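Let's take a walk through this one together, starting with the whole chain and then stopping at a handful of places along the way. Keep the structure open as you read.

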Amino acid sequence: SGVSVGLRGAGRSYGDAALNGGQIVLDLQRMNRILDWNPETGVIKIEPGVTIQKLWEYILEDGWWPPVVPGTMFPTLGGCLGMNIHGKNNYVAGTIGEHVLEFTALLPTGEEITCTPDDDLFYAMISGVGVLGVFTSITLKMKRIYSGNLWVEAWASPNLRQMINEMEPLKSNSDYLVGWVDGTWGGSGLGRGQVHRGHYLHKDEDANSAQTLQREYQILPDTFFGLVPKSVLWLFMSPFMNNLGAALVNTGKYVASRTLSHHKTFLQSLVAFNFLLDYVPNWEKSYGRGGLIQYQSFIPQANAADAFAEILKLTQRRGLPNYLAVLKRHRPDKFLLSHAVDGYSIAMDFKVTNGNRAALQKLTDDLSEIVLQANGRFYFAKDSTLTANAVARSLGEHTLARFAELKRRCDPNHLLQTELYRRLFCVPD
């Protein structure tokens, strides 16, 4: 009929990865069956519409956990593979694609295929932003666990450079590492924040494992302190979603991290630690009608501290500081459109208004130049602002040529398209 088809999982991407304006969008959420599960080996076969939430709820009581999860439990596994998501343990566990044993897919040519890590197409469809074919089943290996809790250590870091210096030697003996960064503070405290380090409990370490491995133990409460319904909390956050309000909140959080939880160790459930974005339902509404964009960049370790400092300083000089930033450690992988580097990423949330749209686009263009000069990369699941030129410079001509070759092979009529694909990969008319 001359129209294109875009694939949509749960629609949780921050940008236009699941949009296909004026065309067809194929919603895969109803392809959500668990096809096979072996609680002895931890190997599970699922359809692409299964969410991270459904996955962990299904396997937890048998003593297993997804090896890689994002900051929210609501994305589908098909979407997670399309973007090859990472978690707070990327430096040790890699991306979700590294735990896939096999997948089946339907190509736009009508061909049904089965891919394993021995196939080249395996590394292109995983990370391929959903434009090479449709996953129809996914077989993954889960992570064996002995408790529904993690040991978590928290401490405050006075600036971003020291935070990186503190995290770097810990990557060899930590199951999770993540840093919260205050993007509103400058000077010697530029990038100050708090680090959280997580460890799985060993066998027999949790005397209450029968309880902590229950789904009911993991469910996040509906209220704060048993009083305030979380469903309305975003209304109380809204007045602080401005430069002054964000600075006050971030300062309060940093002071609390220095005085109340500095070098404290505590037990925290897997769900509470991993899915911070799910604590407050509809949190994104607190940003107002213009919403938000997230800008995430990945910089090699040697360049990370300097590049991120330059990024934070520029956002502050432009009067567009980010209100929430997260620092993570990463490692390289073999996937074709990989965002990974042997280094660090910082993900920053920016409020969008009618008055700042043009300035915000100009800012992100300039931030991308800093990233490219530092040999960095980008993450398409979070992107709203990149250009085709920036992507080409980041991935390189060889990678783009290989992706175009596979696109011609799998989808010669360019049937699978999205707004993101047209924006970043220059699809011919």
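A residue is called buried here when its relative accessible area is under 20%. By that cut-off, 54% of the chain's 429 residues count as buried. Bear in mind throughout that this is a predicted model.

Start with the overall picture. The chain has 15 helices and 19 strands. Its radius of gyration is 21 Å, close to the 22 Å that the globule rule gives for 429 residues, so the chain is as compact as a globular protein of that length.

The accessible surface comes to about 18,600 Å², and carbon and sulfur atoms account for 53% of that. As for charge, there are 41 positive and 41 negative side chains, and the centres of the two sets sit 6 Å apart.

Next, zoom in on helix α11, which runs over residues 301-317. From first C-alpha to last, its 17 residues reach 25 Å, close to the 24 Å expected at 1.5 Å a residue. Which of its residues are buried? They are A304, A305, A307, F308, A309, I311, L312, L314 and T315.

After α11 comes G319, with a positive phi near 75 degrees.

One of those covering strands, β16, is worth a stop of its own, at L292. This leucine counts as buried because its relative accessibility is 15%, and the cut-off is 20%. Leaving aside residues up to four places away in sequence, L292 touches Y14, W283, E284, Y287, D349, F350, K351 and V352. Follow the chain from L292 to A302 and you cover 10 residues, with the two C-alpha atoms separated by 30 Å.

For another pairing, look at L235 in helix α8 (residues 233-237). L235 and K285 are 50 residues apart in sequence, and their C-alpha atoms lie 8.1 Å apart in space. L235 is partly exposed, with a relative accessible area of 47%.

Finally, check two backbone spots in loops. D204 sits between β12 (193-200) and α6 (209-212), and its phi is near 70 degrees, a positive value in a residue other than glycine. Is D204 buried or exposed? With a relative accessible area of 71%, D204 is exposed. H263 lies in the loop between α9 (243-259) and β15 (264-269). H263 is not a glycine either, yet its phi is positive, at about 55 degrees.

Conventions. Residues numbered from 1 in each chain as written. Predicted model: local features only at pLDDT ≥ 70, side-chain atom pairs only at ≥ 80, totals over all residues. Heavy atoms only, no water. Helix = DSSP H or I, 4+ residues; strand = E, 2+ residues; numbered from the N terminus. Expected span 1.5 Å × (residues − 1). Buried < 20%, exposed > 50% of the residue type's maximum accessible area, 1.4 Å probe, protein only. Rg over C-alpha atoms; globule rule 2.2 N^0.38 Å. Areas by Shrake-Rupley, 256 points an atom, 1.4 Å probe, with all protein chains shown as cover. Lys, Arg positive; Asp, Glu negative; His and termini not counted. Charge placed at Lys NZ, Arg CZ, Asp CG, Glu CD. Contact = heavy atoms within 4.5 Å.
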